[in-house]
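Hi everyone, thanks for coming. Have a look at the structure first.

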Amino acid sequence: MEIKSENTCFGGVQGVYSHASKATGTDMTFGLFLPAEARDGPVPVLWFLSGLTCTHENAMTKAGAQCWAAEQGIALVFPDTSPRGDGVADDDAFDMGQGAGFYVNATQAPWAKDFKMWDYVADDLPALLGAEFSLDMERQAITGHSMGGHGALTLAMGLPGRFRSVSAFSPICNTTASDWGRKQLSGYLGDDEAKWAAHDASLLMAEKGFDGPVLVDTGTNDQFLDLLRPETLAHSAAKRRQQATIRMQPGYDHSYFFISTFMEDHVTFHAEALYAG
């Protein structure tokens, strides 16, 4: 692991690190905020998965999460959204290839070689974090935005018992029925739609649900609302009678101005779950 930078931040440390990933076969970069409490012992962990075109840096610098995490004594992890570099497959479109890993393990050429973002977030990066930093990996929660909201919800429901709580900002809720999903799932996983269901938050909510609290915020002025399909997640949660708070926030769009406005709510929501019991 290589230290790219470390800066004092709200009494803790905001670091950026790179490492050789077994999952992707590439070097990967991530951000990690450690609150002051980490100097005295392991602290709980909140993951933030970013959206299309983002790197580890977007949420780290624009979401305003560190001040609230410092207040709660929680670490923040900001992974990248895909493998990168020379020799890594890419696409001219912004919603496919580098910056658009969709948190799946690709099985189709040319993506299968490096695009193993499910394994990276589920196994590879957690193993490194637990070995290198003062983190309580028994107390984890997860959130994300847009494509990352899709990733947060599907990982939380696809890894039972891993996360104590899950939230999302403007998540892609119904990938199998959205142009933000069908294109990528067919490209990464092939044309067999039965294999897509494990990466559709609304289908997973209907089939499995989540053993813990769920919080989802989407803006009523989100310019991508028809692609996000929040109503499908709300319907699945209601039908399952899932413990969930799903809110449509009047006037807000898809931007980080929206995320930063409600970040305190989300960090507090996760803190309650992480420190319960």
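Let's start with the rings: searching the whole structure turns up 13 aromatic pairs. Here a pair means rings of Phe, Tyr or Trp (its six-membered ring) with centres within 6.5 Å; planes under 30 degrees apart are called stacked, over 60 edge-to-face, and the rest tilted.

One of them is Phe48 with Phe78, a tilted pair at 6.3 Å centre to centre and 45° between the planes. Phe48 sits in strand β4 (residues 43–49) and Phe78 in strand β5 (residues 75–79), so the pair ties together parts that are 30 residues apart in sequence. Helices and strands, by the way, are DSSP runs numbered from the N terminus: H or I with at least four residues for helices, E with at least two for strands. Phe48 and Phe78 are both buried. By buried I mean under 20% relative accessible area, with exposed over 50% and partly exposed in between, using a 1.4 Å probe and protein chains only.

Another pair is Tyr252 with Phe262, which is edge-to-face, 5.0 Å centre to centre with 70° between the planes. Tyr252 is in the loop between β9 (245–249) and α9 (256–274), while Phe262 is in helix α9, 10 residues apart. Are these two buried or exposed? Tyr252 has 29% relative accessibility, so it counts as partly exposed, whereas Phe262, at 9%, counts as buried. Both pairs belong to one aromatic cluster, made up of Phe48, Phe78, Phe169, Tyr252, Phe258 and Phe262.

A quick word on where this comes from: this is a predicted model, where local features need pLDDT of at least 70 and side-chain atom pairs count only at pLDDT 80 or more, while totals for chains, interfaces and linings use all residues. Residues are numbered from 1 along each chain as its sequence is written, and side-chain values use heavy atoms, leaving out hydrogens and water.

Now the helices. Helix α3 (residues 117–132) packs with helix α4 (residues 147–158) at an angle of about 60°, their axes 12 Å apart. The axes are lines fitted to C-alpha atoms over the stretch in contact, and angles run from 0 to 180 degrees between N-to-C directions. That makes α3 oblique to α4; under 35 degrees would be roughly parallel, over 145 roughly antiparallel, 65 to 115 roughly perpendicular, and the rest is oblique. Which residues meet there? Trp118, Val121 and Ala122 from α3 meet Thr154, Leu155 and Gly158 from α4, contact being heavy atoms within 4.5 Å.

Helix α2 (residues 65–72) and α9 pack at about 30°, with axes 9 Å apart. That makes α2 roughly parallel to α9. On the α2 side we find Ala65, Trp68, Ala69 and Gln72, and they meet Met263, Glu264, Val267, Thr268 and Ala271 in α9.

Back in helix α3, please find Pro126. Pro126 is buried, at 10% relative accessible area. Leaving aside residues up to four places away in sequence, Pro126 touches Trp47, Tyr120, Val121, Met137 and Arg162.

Last stop: Glu138, in strand β6 (residues 135–144). With a relative accessible area of 66%, Glu138 is exposed. Glu138 and Leu274 are 136 residues apart in sequence, yet their C-alpha atoms are 9.4 Å apart in space. That's my tour, thank you!
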